[in-house]
Structure formats: C-alpha cells, structure tokens
Amino acid sequence: MENAWPFTSVTHAFLEGRSAAVVVGSDLRVWDLDDRQLIRHVTLPYFPPEKDFRHGLRDVACTRVDGRVVAVTGGYDKTVRIVDLLAGEQVGDPLTGHTSTIWAVACGSLHGTPIALTAGDDTTVGLWDLRQRQPIGRPLTGHTKAVRSVAWGRVDGRSVAISSDRDTVLVWDLEASPPMPRPLEDLGGEVRAVALTAVGGRPVAVTGGEDVRLWDPLTGRPVGPPLFDGRDTFVSSLACGTLHGRPTVLAAIYGQHVRVWDLEEHRRIGPTPPGRYADEVPAHWTDPATGDVYDLTGDLVDDDGDRWKVVDYDGIEPIVCELPNDPTVAFGIVDAHQEFGLSSVITPGRHR
C-alpha cells in the first residue's frame with residue numbers, strides 16, 4: 001500500500017501486547033513490528049480530494065488515555081487530533097488553539113493526567129489535557145521563532161518539558177503556576193531536536209543540531225563538551241533509551257545515517273560504523289590545518305600533567321577524554337590541544 005506523500009514522523013506503541021510502529025504523513029498507519037504487516041490505516045477527515053501536502057501530518061506521539069492506546073497528531077491544518085489506535089478512529093473533535101502549522105508533538109503526564117505538548121510556527125507550546133480534550137491554561141510563550149521540537153520528562157519528580165526553536169532551548173517546570181522557562185546556555189549553533197533522559201540517576205537534557213550536547217535541566221548549564229564535537233552533518237532527530245540497561249541516545253543525521261552513543265562511556269555502539277569513519281585509531285595523526293603531528297602511540301599527557309586517552313576516531317580527527325574518565329566529557333584532539341596543551345605528543349607542523 002503506497003502513501004500519498006512521504007512519511008514525516010514515526011513513533012512506537014504497544015497494542016494488545018504487540019510492538020507497533022505508528023507513522024504519519026498524508027494519513028496515519030500502524031505496522032505490527034513482529035509480522036511487519038499493516039494493521040491500521042486511518043484517513044483523517046480533513047484531507048481534501050486534491051491531496052494538497054499542506055493538509056498532511058507532521059508529527060505523532062502515543063500514550064494511554066483511560067486504558068486506550070491513542071496517537072496524538074499535529075500538522076498543517078493547525079489542529080491536534082487524538083486517534084484510538086485499536087478502533088482506528090479519531091476521538092472527538094480536533095483540538096484547536098494553534099494559529100499555524102504544528103511541527104512537534106510529545107506526550108506525558110501532569111498530576112496523573114495524560115497530557116500532550118504541541119509546538120509549531122506560531123512560536124508557542126500548547127499543553128493539552130487528553131482526558132478532557134481541552135487546553136491546560138494558556139499556551140507557553142518564550143520563543144521568538146518557530147518551535148520545531150518538544151519533549152516531556154521528569155526532573156526531581158516534577159513534570160517538565162523542553163522545547164526548541166533553532167536558536168533557543170527552554171526547559172519548563174509544568175507544575176509551576178504559571179510554567180516559567182529556563183533557557184539552556186551557550187548552545188553552540190542551531191538546534192533541531194531535543195530530548196530528556198537520565199544518566200547515572202541524574203536528569204539530562206539532550207540537544208541535537210550541529211552537534212549533540214548534554215545539559216543539566218535544573219541549571220541550564222552544559223554537562224561537558226559536545227558528544228559529536230561538531231563534525232557530523234546536522235542532527236535532524238534524537239531519541240533516548242537504554243541498551244542492555246545502559247542509557248543511550250540515537251541521533252539521525254540528515255540524509256546519511258543514525259549514530260548510537262552510550263551516554264555513560266561516550267562510546268559509539270555498533271560493529272559497523274558509517275563508511276566515512278575509521279574502525280581503528282591511527283598511531284599518528286596530522287592536523288591538516290596546521291601540519292601538527294600527534295603521536296598517539298604512548299601516554300597522552302597535557303601541560304598540567306593530567307593524563308588523557310583516545311576514546312574514538314571519526315575519520316576526521318581523534319576524540320580524546322581526560323582521565324579518570326568522565327564519559328560525558330570528550331574533545332576533538334585539536335580542541336584539547338588548544339585548551340589543555342598536550343605539547344608532549346605534538347610535533348609542530350610547517351603550516352603555522
């Protein structure tokens with residue numbers, strides 16, 4: 001069965017004990033991941049006969065409302081729709097309040113009530129009671145540009161949201177009255193995706209754009225330097241989870257690949273890295289900008305006498321981490337050299 005337009009978003013749901021993928025585009029479809037069979041095809045009533053893409057869906061998230069598994073959607077028609085996935089039908093009338101395209105949807109809970117968060121071109125974040133199918137208070141304001149990503153989580157037992165436009169990321173305490181935003185500091189470039197997770201029992205906000213960064217959502221400050229150190233193509237989407245009990249982040253890179261990182265060890269997961277990355281760390285590496293030659297065969301010691309180790313190599317330059325290893329703090333070796341020295345392992349090049 002073909003879709004009228006490309007799929008724009010996918011999320012996961014459990015239906016009657018089975019794992020399912022819920023995808024949206026021109027319509028909503030549910031796939032059984034065990035059998036890889038289409039089990040629901042929901043055409044929502046606002047699609048016009050001419051199949052204008054501006055009437056399609058942009059994002060979807062799933063949750064439970066009074067025992068029912070539902071999908072919450074947002075898109076070009078500015079409305080929020082709730083779909084009962086088992087029944088394959090829309091629940092009630094569309095929820096209205098946004099004044100332009102909805103780009104992002106997330107689900108969570110607030111004081112035991114299932115909620116949805118929606119964000120879009122009108123620069124606001126909508127908060128919705130899914131049981132009563134109505135807004136909770138006024139839209140959250142604080143962004144000055146289109147909000148393209150939103151996520152929900154808990155921080156110190158409180159319900160929080162994180163939202164981003166390209167230049168600003170805000171963390172909201174949803175239990176405050178009214179919710180007040182706390183900005184993340186020094187984003188280091190455009191942001192396209194946000195997520196909330198925990199590492200070592202500590203809440204962590206994750207942002208993706210020109211690189212992937214971790215943040216303390218309570219203070220708005222970074223937790224170490226970027227994971228990707230700025231050398232990947234733009235990250236378009238993030239998802240956090242666990243693998244063998246360890247916290248991970250998946251980052252989709254526009255048009256190229258998905259990278260999976262162990263957040264406790266700052267280590268790429270998977271035996272087959274993308275083709276542009278090397279499988280082994282070189283014994284020597286030359287900085288093409290300066291001609292400096294880095295000897296990686298022995299101990300890495302910076303100018304203060306602290307030891308480092310190479311934790312990765314992305315095919316462009318080695319990634320290093322100071323010992324004792326804080327797994328969330330890593331640098332490209334050039335940045336480490338500029339900030340900490342590492343003079344003992346460097347032969348200056350001719351390009352200076």
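Guide: Helices here are DSSP runs (H or I) of at least four residues, and strands are runs (E) of at least two, numbered from the N terminus. The model is predicted.

Visitor: Which residue just after H1 takes a positive phi?

Guide: H1 spans residues 333–340. Just after H1, the phi is about 110°. The residue that takes this positive phi is Gly 341.

Visitor: How many helices and strands does the protein have?

Guide: The protein has 352 residues, and 51% of them are buried. Its secondary structure comes to one helix and 31 strands.

Visitor: Where do the buried residues of H1 lie, on the same side or on opposite sides?

Guide: The buried residues of H1 are Ile 333, Val 334, Ala 336 and His 337. They cover an arc of only 160° around the axis. On the other side of H1, Gln 338 and Glu 339 are exposed.

Visitor: What do the buried residues of H1 pack against?

Guide: Their partners are strands, from several places in the chain's numbering, including E25 (284–286) and E28 (307–313).

Visitor: Is strand E17 largely enclosed or largely open, and which strand do eight bridges join to E17?

Guide: Eight of the nine residues of E17 (191–199) are buried, so E17 is largely enclosed by the rest of the structure. Eight bridges join E17 to an antiparallel strand, residues 202–209. Leu 196 of the pair stands opposite Ala 205. The partner is E18.

Visitor: Which residue takes a positive phi in the hairpin of E17 and E18?

Guide: The hairpin has two residues between the strands. The phi is near 60°. The residue is Gly 200.

Visitor: How many residues apart in sequence are the parts that Lys 145 and Asp 167 tie together?

Guide: Lys 145 forms a salt bridge with Asp 167, with the closest N and O atoms 2.2 Å apart. Lys 145 lies in the loop between E12 and E13, and Asp 167 in the loop between E14 and E15. The pair therefore ties together parts whose separation in sequence is 22 residues.

Visitor: Is Asp 299 buried or exposed?

Guide: Asp 299 meets Arg 307 in a salt bridge, 3.7 Å from N to O. Arg 307 is partly exposed, at 41% relative accessible area. Asp 299 has a relative accessible area of 53%. The cut-off for exposed is over 50%, so Asp 299 is exposed.

Notes
Residues are numbered from 1 along each chain as its sequence is written. This is a predicted model: local features need pLDDT of at least 70, side-chain atom pairs count only at pLDDT 80 or more; totals for chains, interfaces and linings use all residues. Side-chain values use heavy atoms; hydrogens and water are left out. Buried means under 20% relative accessible area, exposed over 50%, partly exposed in between (1.4 Å probe, protein chains only). The arc is that of the directions from the helix axis to the C-beta atoms. Contact means heavy atoms within 4.5 Å. Two strands pair if DSSP finds at least two bridges between them. A salt bridge is a side-chain nitrogen of Lys or Arg within 4 Å of a carboxyl oxygen of Asp or Glu.
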